[in-house]
Amino acid sequence: MDGGGDEGKQQPHLVLAHKLFLLSQPDVDDLAKVALREDVLAAVKSDDMAALYESLGADGVLETDAALLAEMRGRIEEETRKFDEKIADAEENLGESEVREAHLAKSLYFIRVGEKEKALEQLKITEGKTVAVGQKMDLVFYALQIGLFHMDFDLISKSIDKAKILFEEGGDWERKNRLKVYEGLYCMATRDFKKATSLFLDSISTFTTYELFPYDTFIFYTVLTSVITLDRVSLKQKVVDAPEILAVIGKVPHLSEFLNSLYNCQYKSFFVAFSGLTEQIKLDRYLQPHFRYFMREVRTVVYSQFLESYKSVTMEAMANSFGVTVDFIDQELSRFIAAGKLHCKIDKVAGVLETNRPDSRNAFYQSTIKQGDFLLNRIQKLSRVIDL
């Protein structure tokens with residue numbers, strides 16, 4: 001799922017990060033990996049990414065050429081010296097804004113050559129020279145991009161918190177909306193799908209973060225996270241009928257069938273579309289770590305939706321609806337029932353499923369009694385202490 005958006009280009013280092021991720025995946029065939037290695041080497045060379053080149057050589061991803069590495073290092077030293085001269089000149093002869101610009105240029109250079117620690121340090125120095133909230137925010141976005149390249153969740157989390165503090169001082173809507181997409185991506189990558197859905201849906205009509213991914217990839221993420229977190233009514237209202245989603249959903253293979261067949265209860269078509277999407281999910285660097293979890297959650301949603309309509313149903317009828325065998329349904333449901341994900345019983349002899357929906361009012365009554373008992377015990381203990 002990479003490629004440039006129509007209205008803006010994806011940040012080159014994030015394109016590179018995706019290619020490096022694909023190189024590490026056993027599901028990518030060797031022929032594709034040859035082309036990916038060439039692309040990675042070309043990107044590393046064009047930006048003088050000496051540190052990355054060395055680590056890729058150590059990991060056996062690329063063959064290290066000592067002369068090329070020395071050449072890159074020499075250029076970095078030379079460029080750094082030039083930036084330092086410009087900063088010194090600006091401090092002596094020019095105004096504060098020129099000093100800030102010189103520091104920012106050095107920060108961006110370190111980002112370009114992939115010197116993570118130096119870039120973050122230099123961004124901090126630049127921030128000290130920055131007054132405007134909007135410009136401070138832009139520095140946070142640079143830090144977020146560094147965090148996303150390295151999948152450094154600690155850096156991303158701290159940067160998001162910092163951005164929110166800055167917004168309390170002011171800040172424009174455009175940057176606030178951009179931050180929502182960054183935070184949504186962070187939530188999705190750390191398995192907080194519920195919060196990711198909410199942030200993505202808020203950003204559908206204001207999306208401008210083409211540096212992260214194209215709009216169709218954004219819709220891909222929005223649909224996937226919505227399916228496992230929203231109820232049917234919300235899904236219809238916010239996703240199935242959303243004009244922004246309808247406009248581009250057809251560009252992502254299988255996505256329209258996946259969403260609509262789930263909503264329209266066409267389970268055979270749903271399973272076909274779902275299996276078509278698995279490859280895209282597995283080869284996405286943000287979703288791949290949660291692949292098994294996501295697959296489980298989607299199946300929980302679809303089985304629950306099917307069983308919702310019945311008090312009891314034969315295994316054969318359910319298997320036919322999904323276009324699978326009775327044995328497959330038996331194994332699947334047994335696992336989900338044991339894990340407490342589905343509320344039903346299997347009558348193996350009669351080949352029937354009986355649903356036993358949890359009574360929410362009864363559960364609430366039981367939990368209130370439990371909490372009441374707990375509170376009374378605490379009060380009794382406290383009264384003994386006071387009596388002493």
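How many bridges join E2 to E3? I looked this up at the outset and found four, with the two strands running antiparallel; strands here are DSSP runs of type E with at least two residues, helices are runs of H or I with at least four, and both are numbered from the N terminus.

Before going on, I noted that this is a predicted model, in which local features need pLDDT of at least 70 and side-chain atom pairs count only at pLDDT 80 or more, while totals for chains, interfaces and linings use all residues. I also noted that residues are numbered from 1 along each chain as its sequence is written, and that side-chain values use heavy atoms, with hydrogens and water left out.

**The chain**

I found 19 helices and three strands in the protein chain. Its radius of gyration, taken over C-alpha atoms, is 27 Å, well over the 21 Å that the globule rule (2.2 Å times the number of residues to the power 0.38) gives for 388 residues, so the chain is more spread out than a compact globule. Along its principal axes the C-alpha trace spans about 85 × 75 × 45 Å.

**The sheet**

I then followed the three strands, which form an open antiparallel sheet in the order E1-E3-E2, where two strands pair if DSSP finds at least two bridges between them. Strand E1 (312-314) and strand E2 (344-347) are the edge strands, each pairing on one side only. Three bridges join E1 to strand E3 (residues 352-355), and threonine 314 stands opposite valine 352 in E3. E2 and E3 form a hairpin with four residues between them, and glycine 351 in the turn has a positive phi of about 65 degrees.

**The helices beside it**

Next I looked at helix H17 (residues 315-322), which packs on the sheet and touches E1, E2 and E3, contact meaning heavy atoms within 4.5 Å. The axes of helix H16 (residues 291-308) and H17 come within 12 Å and cross at roughly 125 degrees; axes are lines fitted to C-alpha atoms, for helices over the stretch in contact, and angles run from 0 to 180 degrees between N-to-C directions. H16 and H17 are therefore oblique to each other, since angles under 35 degrees count as roughly parallel, over 145 as roughly antiparallel, 65 to 115 as roughly perpendicular and the rest as oblique.

Last, I listed the residues that meet: Val302, Tyr303, Phe306 and Leu307 in H16, and Met318, Ser321 and Phe322 in H17.
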